Amino acid sequence: GYLAADYLIRSGNKQIVCVTEDSSDLQFIERTAGFKRALAAAGVELGSNSVIKGECSFDFGYQMINDHRGILDEIDAIFAEADIIALGMMDALKDLGMRVPEDIRIMGYDDIDFGHMYRPRLSTVHQPREEMVRRGCEHLVKLMNSPSLKGELQEVVLPELVIRQSC
């Protein structure tokens with residue numbers, strides 16, 4: 001969340017909305033916290049509509065845009081905490097005659113395959129899933145080969161920005 005918001009801020013955006021899943025799932029809580037930290041670090045005020053919660057789906061992304069038409073002229077970027085939400089929002093914006101990224105920039109999260117096929121191509125935060133799986137398997141092998149191994153085997157695998165046409 002921090003990477004996405006920081007990029008949008010450095011690109012000149014000041015009125016950024018974060019759209020997240022309304023759940024207690026740690027990944028969404030941490031993405032939102034990162035978003036808020038980036039705004040605070042840049043001195044960008046968190047408005048009353050800065051975080052919008054709903055479900056993690058294309059239909060929610062589409063409906064969210066329609067439900068919040070009144071704020072679309074006031075914002076210049078949206079960070080969707082899941083690519084599928086971002087794609088639904090882009091579809092709704094297109095139906096309203098708004099252009100991405102000219103009228104509003106969209107940043108997703110997950111780097112799903114469909115995101116780079118959609119038009120405009122979705123900018124996103126890439127989670128290196130293959131690397132995470134590889135490291136997880138290596139840890140499992142270590143545990144199986146060394147039953148006396150104790151303690152946590154935990155590594156942080158950093159995400160990275162993938163900037164495409166939507167930003």
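Which residue in β2 does Thr 20 stand opposite? The legends below lead to the answer. This is a predicted model, where local features need pLDDT of at least 70, side-chain atom pairs count only at pLDDT 80 or more, and totals for chains, interfaces and linings use all residues. Residues are numbered from 1 along each chain as its sequence is written, and side-chain values use heavy atoms, with hydrogens and water left out.

View 1. Because 5 of its 6 residues are buried, β1 is largely enclosed by the rest of the structure; buried means under 20% relative accessible area, exposed over 50%, and partly exposed in between (1.4 Å probe, protein chains only). Strand β1 runs parallel to β3 (residues 77-80), joined by 4 bridges; strands pair if DSSP finds at least two bridges between them. Here Val 19 has Ala 80 as its bridge partner. With β2 (residues 51-54), β1 also pairs in the parallel sense, over 4 bridges. And here is the answer: Thr 20 stands opposite Lys 53.

**View 2. His 126 and Asp 111.** His 126 belongs to strand β5 (residues 124-126). With a relative accessibility of 17%, His 126 counts as buried. Its side chain makes a polar contact of 2.8 Å with that of Asp 111; such a contact is a pair of N or O atoms within 3.5 Å, and within protein one must be able to donate a hydrogen and the other to accept it, while residues adjacent in sequence count only if both atoms are side-chain atoms.

**View 3. Leu 140 in its helix.** Look for Leu 140 in helix α5 (residues 129-145). Leu 140 is exposed, at 51% relative accessible area.

Technical notes
Helix = DSSP H or I, 4+ residues; strand = E, 2+ residues; numbered from the N terminus.
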